[in-house]
Amino acid sequence: MRELERNSSEDPTFCRRLAVVGRGRLGTALAGAFGEAGYDVLGPLGRGANGAGADAVLLCVPDQEIASAAALIVPGLLVGHCSGATGLEPLSPREAFSLHPLMTVTPAGAEFAGAGAAIDGSTARALELARQLALALGMHPVRIAAEDRALYHAAATIASNFLVTLEAAAERLAAEAGLERKLLAPLVRATVENWVEQGGERALTGPVARGDEATVARQREAIEQRAPELLELFDALVDATRAMAPRERHRQHAGQHERVAA
């Protein structure tokens, strides 16, 4: 059996017909993307499909429905899910894999090329299939262990979902001051690019990073008067930023002293 799995996993054609179960945003986007990548795709199929005729089945259903959807699949097929926070247990005892694109999917679809992809597999063959599927869409597969899935997914949630929440708060304050949302966009894009290139501490700018407490106090007072529902969020973010800022100010001061000495 090990020899058969090893040979199968080295064969890039061992899965050419893929059934995608789930007609939501992700299932629809993945079915289209895999079709464009050259796979023979069945679907997206509705919930309750059994995957007959496919080499493998990819379940794009809510986390709480993975186990029940997997139970309906024809025995013998490889079965995978697309949950970021869930391990392979809901697919047991089947030969199982997981593939979670680290990308947001809107009603308009998604661009998977260049994105990360969290993968796992219960066998070498299943893991190889997850890897091949990720690579077929131009993604960068990374194996995430079961015990790290929730932490991985929390990172994704903060990076994507919470970022939207944060920008919505900025949009609310900007509108109160008479500034259009689109004028914040260049600042947001530049900030994200700086974070990508330099990391959180070095990319940090602004009054908290400079230790300008007078400006922070004026900001807080304005929010308390004009948008009090955002005050608790502002305070929490200031506290978190202060915790990171002293390290960056120390680096900046050290760099200034080095230049003076030179």
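Strand β3 (residues 56–59) directs A56 and L58 to one side and V57 and L59 to the other, and all of these residues are buried. Here, buried means under 20% relative accessible area, exposed means over 50%, and partly exposed lies in between, with a 1.4 Å probe and protein chains only. Strands, like helices, are taken as DSSP runs (H or I of at least four residues for helices, E of at least two for strands) and are numbered from the N terminus. The structure is a predicted model, in which local features need pLDDT of at least 70 and side-chain atom pairs count only at pLDDT 80 or more, whereas totals for chains, interfaces and linings use all residues. Residues are numbered from 1 along each chain as its sequence is written, and side-chain values use heavy atoms, with hydrogens and water left out.

Strand β3 has paired neighbours, two strands being counted as paired if DSSP finds at least two bridges between them. With strand β1 (residues 17–21), β3 pairs in the parallel sense over four bridges, and L18 stands opposite A56. Strand β4 (residues 78–81) also pairs with β3 in the parallel sense, over four bridges, with A56 opposite L78. Between β3 and β4 the chain passes through helix α3 (residues 66–71), and this β-α-β crossover is right-handed. The term right-handed applies if, with the strands pointing away from the viewer, the path from the first strand over the helix to the second runs clockwise.

Strand β4 is likewise covered on both faces: L78 and G80 on one side, and V79 and H81 on the other, are all buried. G80 is the bridge partner of L58 and also stands opposite F97 in β5. The pairing of β4 with β5 is parallel and has three bridges. In the loop between β4 and β5 (96–102) lies P93, and the peptide bond from S92 to P93 is cis, with omega near 10 degrees. Another cis peptide bond joins G43 to P44, with omega near 15 degrees; P44 belongs to strand β2 (residues 40–45).

Salt bridges were identified by distance (a side-chain nitrogen of Lys or Arg within 4 Å of a carboxyl oxygen of Asp or Glu), and the count comes to 14. In one of them, the side chains of R143 and D120 meet at 2.8 Å, N to O. This pair links distant parts of the chain, with R143 in strand β7 (residues 140–143) and D120 in strand β6 (residues 116–121), 23 residues apart. R143 is exposed, because its relative accessible area is 51%, whereas D120 counts as buried because its value is 10%.

In a further salt bridge, the closest N and O atoms of R181 and E171 are 2.9 Å apart. R181 lies in the loop between α5 and α6 and E171 in helix α5, 10 residues apart. R181 counts as exposed at 56% relative accessibility, and E171 as partly exposed at 29%. Helix α5 also holds E176 and R172, four residues apart, about one turn of the helix; their salt bridge has its closest N and O atoms 3.1 Å apart. An α-helix has 3.6 residues a turn, so residues three or four places apart point the same way. Both partners are partly exposed, E176 at 33% and R172 at 31%. A network of salt bridges links R172, E176, R226 and E229.

A nonpolar surface patch of about 560 Å² is made by L163, L166, V192, W195, V196, L233 and L237. The elements that give two or more residues to this patch are α5 (149–177), α6 (185–198) and α10 (231–261), and α6 gives the most, with three residues. L237 is found in α10 and counts as partly exposed because its relative accessibility is 36%. At 1.5 Å a residue, the 14 residues of α6 should span 20 Å, which agrees with the 20 Å between its end C-alpha atoms. Just after α6, G199 takes a positive phi of about 90 degrees.

Key
Patches are made of residues with over 30% relative accessible area and no salt bridge: like charges are joined within 9 Å, nonpolar side chains (Val, Leu, Ile, Met, Phe, Trp, Tyr) within 5 Å. Accessible areas come from the Shrake-Rupley method with a 1.4 Å probe; for residues, only the protein chains shown count as cover. The expected span of a helix is 1.5 Å times one less than its number of residues.
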